[in-house]
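Here are some notes to read with the model open beside you. Take the points one at a time and find each piece as you go.

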Amino acid sequence: MSSKAANPHQALYESARQVLPGGISSSIRLNRALGRPFYIARGEGAYLYDLEGREYVDLLTAHGAALLGHDHPGVRAAIEAALRCGAICGTETPAQSRVAARLAELIPCIDMVRFTCSGTEATMHVLRLAREITGREKFIKFDGHFHGYHDAVMWNYGPPAAAEAPGAPRPVVKSGGVPRGLADYVVLLPFNDLEAVRRALWLHGHEIAAVILEPIHYNAGCIVPDKAYLHALRSLCQEHGVILIFDEILSAFRTGPGCAQAYFDVTPDLCTIGKCVAGGTPLSVFGGRRELMEHLRPLGDAEHSGTYNANLIPIMAAEAALAELGRPALYDHLFALADRLYAGMNTVFGRHRFPARCQGLGARFGLYFGWNEEVREYRETARQDTALALEFFAGMVKRGVYLCDNGGRPTHHGFSAAHTASDIDRVLQATDDTVAALVKGR
Ligand code: PMP
């Protein structure tokens, strides 16, 4: 048997490519640092185990879904309870309104919610709702912000393209198959630039249904807006009758039980909540003020239906997850780990004079390669040295730490409540060893 065939990861990749385009189930899962997908047999707490039983400290954390760690006992018990009920979908049970009521207690803008499976569905529905409420068709989206994979939002995210000129960005489509005419419905603006919003609302306010944003721009690593900017956005939207939507699919529960809106003390009209809300099972949420949410059918005319909406597995898992996510003490732990990890990584980079920067807030962070200064703007991430990033990620995998590679482009990484200070120290040691090897090899 050849050594290639003896490697179970390589053999699996070869057979997977026969039946899955690219050998993967989601485009991002081809790990460019490894030249194949990263195959996992199971996860437990802060760790992942590959097909050969090798352990990794997990800093992907299921793109943020595993904020409570893998195989959380409370979440597992809830899923088992749901299975005993018959894993019901397509009908209501008492559990949906209990989860909705808990979300309304925790999250400032929420009086009412509806559930979806993915974040993509949540942003699709929340934009439709905003259009129905206002009778307007356009929306403001910020340059580099990511809101899922439906056609309306497939503009200007991921690596900034040369065509995305600064100042007044023009729509650059991020997938084939998207009707170009949809660009007429999106007004693209640079983030964290109040004048740009003021001007756009003054010019087009009467046509704009909503402003949608990532209140913490984790999809470009971690770019944190000025609090004053978010407050001013709030008032401008009010002035122009525009719905302010915080897309908290990713930022939910990273900084506290009230999510980014409580952290910045800015209450949007509507929001989406996702990823970790159901302990790693597929549940997303959109919600907001009662009089806005009551525009949904059967009370109003905005459609939102789905066979799997609020099915019992993620709903019961969410009840268990929210018991944890609602505890303020959880965030003391997360912030202590965050301080240790982010400062620790920057110290290692500095000590080796290695051109990289770690930038994070709460439980998620970005890694930038090619420079050491703070990143304030999505366009700055175009400078990313993707080759260096991939070498770093490959070196970390070799030393037992798994990070999202994203083709070397800036993205978000994170840790979970199951991680401990000693896991962070393991990551810092691996960082030190990887960087030392990279510096030596240059
Ligand atoms: N909005 C934001 C801010 C996201 O980060 C994501 C996923 N990364 C989505 C929407 C889409 O969520 P999903 O992958 O569950 O469709």
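The points below cover the ground rules, a helix pair, a strand and the ligand.

1. Ground rules. This is a predicted model, where local features need pLDDT of at least 70, side-chain atom pairs count only at pLDDT 80 or more, and totals for chains, interfaces and linings use all residues. Residues are numbered from 1 along each chain as its sequence is written.

2. Two helices. Helices (H or I, at least four residues) and strands (E, at least two) are DSSP runs, numbered from the N terminus. Helix α4 (residues 94–106) and helix α10 (residues 312–325) have axes that come within 9 Å and cross at roughly 40 degrees. Axes here are lines fitted to C-alpha atoms, for helices over the stretch in contact, with angles from 0 to 180 degrees between N-to-C directions.

3. A well-covered strand. Strand β11 (residues 356–361) has 6 of its 6 residues buried, so it is largely enclosed by the rest of the structure. Buried means that 20 or more other C-beta atoms, placed from the backbone, lie within 10 Å of the residue's own. Ala356, Cys358 and Gly360 cover one side, while Arg357, Gln359 and Leu361 are on the other.

4. Its partner. β11 pairs with strand β12 (residues 364–369) in the antiparallel sense over 6 bridges; pairing takes at least two DSSP bridges. Arg357 stands opposite Tyr368 in β12. In the hairpin, 2 residues sit between the strands, and Gly362 takes a positive phi near 65 degrees.

5. The ligand. Around the ligand there are 15 residues, the closest being Ser118, Gly119, Thr120, Gly148 and Ile249; each counts if its C-beta atom, placed from the backbone, lies within 6 Å. Helix α5 (residues 119–134) gives the most to this shell, with 3 residues.

Key. A residue is buried if 20 or more other C-beta atoms lie within 10 Å of its own, exposed if 12 or fewer, and partly exposed in between; C-beta atoms are placed from the backbone.
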